[in-house]
Amino acid sequence: NYWDILPSLNLSLRFDSDFVIRFAAAREIQRPRLDDMRVNFSYGVDPVERIVTGSGGNPSLRPYRATAFDLNFEKYFGNKGYLAAQLFYKKLHNYIYTAEFPFDYSSYPVVDPGYAFSYQGRISAPINGDGGEIYGIEAAGTLPFETFVSALEGFGVTGGVSYTKSKIQPDPNTPASDIPGYSRWVANGTLFFEKWGFSARGSVRYRSSFVGQFVGFGGERELRRALSETIVDAQIGYEFQKGSALEGLSFFLQGQNLTDEPFVSVDTGASIHIRNYQSYGARYMAGFNYRF
């Protein structure tokens with residue numbers, strides 16, 4: 001059993017010029033993975049060290065705990081466009097990682113290996129270690145070109161870019177590392193046209209390399225570095241306008257991953273040791289909607 005008090009604060013300051021400043025702070029928790037909290041474990045006598053060693057879960061894990069801060073600056077252009085910048089910082093007060101620690105197996109049945117051994121051994125299991133931090137900046141926006149040039153009505157662009165730095169060191173005896181799942185750079189942009197029922201858009205998404213968790217041999221999780229990727233998508237469509245005999249009908253043609261960008265992962269610290277190379281190819285879809 002445990003208790004957590006999770007206060008949060010949200011403030012906004014609005015100006016007559018459609019400029020908004022927002023600030024947020026919160027205490028946050030996240031439950032551990034269910035497989036980390038499993039009750040079962042396996043063990044046996046190590047023939048070299050002649051002690052009992054094992055591995056398993058830890059149902060006594062406490063949640064991840066963090067304190068987060070966000071500061072936003074937003075500028076709106078009527079009800080169609082905006083520009084925004086966000087600064088964020090998250091302090092992780094603890095982090096769950098797998099470590100070895102002493103364990104007494106004297107109350108558990110052990111298969112006799114035929115030689116003397118000690119019940120005072122080790123177990124490898126998830127534990128709550130020290131924390132880390134996540135911080136960065138993000139810029140995003142949507143700009144209809146008609147806001148600046150009336151002749152470009154229907155054209156516009158939307159997207160964003162973010163830079164994120166993360167660091168954890170749950171075990172003080174090991175060097176700090178990136179938090180799995182976070183890329184330093186993530187960017188996306190879409191150029192679009194919407195007018196007279198026609199719509200067309202082209203999108204590009206980029207993500208720099210990151211440390212990811214993968215399923216390894218025997219179902220165990222292992223860390224690998226996923227390489228950067230750039231995905232290109234596009235879509236065109238048409239919606240029949242009011243007064244048409246086909247009013248309410250719209251259709252679209254969509255293409256995803258048009259450049260056949262593969263997903264590649266390598267061993268951490270060894271960029272030439274490719275572990276995964278997955279090529280999905282381009283994918284095309286067509287569809288329609290009817291409203292009545």
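This report covers the overall build of one chain, then two of its residues.

**The whole chain**

The model is predicted. The chain has 19 strands and zero helices. Its C-alpha trace spans about 90 × 45 × 40 Å along the principal axes. The radius of gyration is 27 Å, whereas a compact globule of 292 residues would have a value near 19 Å.

Buried residues make up 30% of the 292 residues. The chain exposes about 18500 Å². Carbon and sulfur atoms supply 57% of that area. Now take the contacts with a separation of 6 or more: residues 24 or more positions apart account for 61% of them.

**Two residues, side by side**

| Residue | Relative accessible area |
|---|---|
| E74 | 7% |
| Y89 | 30% |

Is E74 buried or exposed? E74 is buried, because its relative accessible area of 7% falls under the 20% cut-off. E74 lies in strand β5, which covers residues 64–77. The side chain of E74 makes a polar contact with the side chain of Y76, at 2.7 Å. Which residues touch E74, leaving aside its neighbours within four places in sequence? They are D18, F19, V20, R22, L83 and A84.

Y89 sits in strand β6, residues 81–92. Y89 is partly exposed, at 30%.

**A nonpolar patch**

Y89 also belongs to a nonpolar surface patch of about 500 Å².

How values were computed:
Residues numbered from 1 in each chain as written. Predicted model: local features only at pLDDT ≥ 70, side-chain atom pairs only at ≥ 80, totals over all residues. Heavy atoms only, no water. Patch = residues over 30% accessible without salt bridge, like charges linked within 9 Å, V, L, I, M, F, W, Y side chains within 5 Å. Areas by Shrake-Rupley, 256 points an atom, 1.4 Å probe, with all protein chains shown as cover. Salt bridge = Lys/Arg side-chain N within 4 Å of Asp/Glu carboxyl O. Helix = DSSP H or I, 4+ residues; strand = E, 2+ residues; numbered from the N terminus. Buried < 20%, exposed > 50% of the residue type's maximum accessible area, 1.4 Å probe, protein only. Polar contact = N/O pair within 3.5 Å; in protein donor to acceptor, adjacent residues only side chain to side chain. Contact = heavy atoms within 4.5 Å. Rg over C-alpha atoms; globule rule 2.2 N^0.38 Å.
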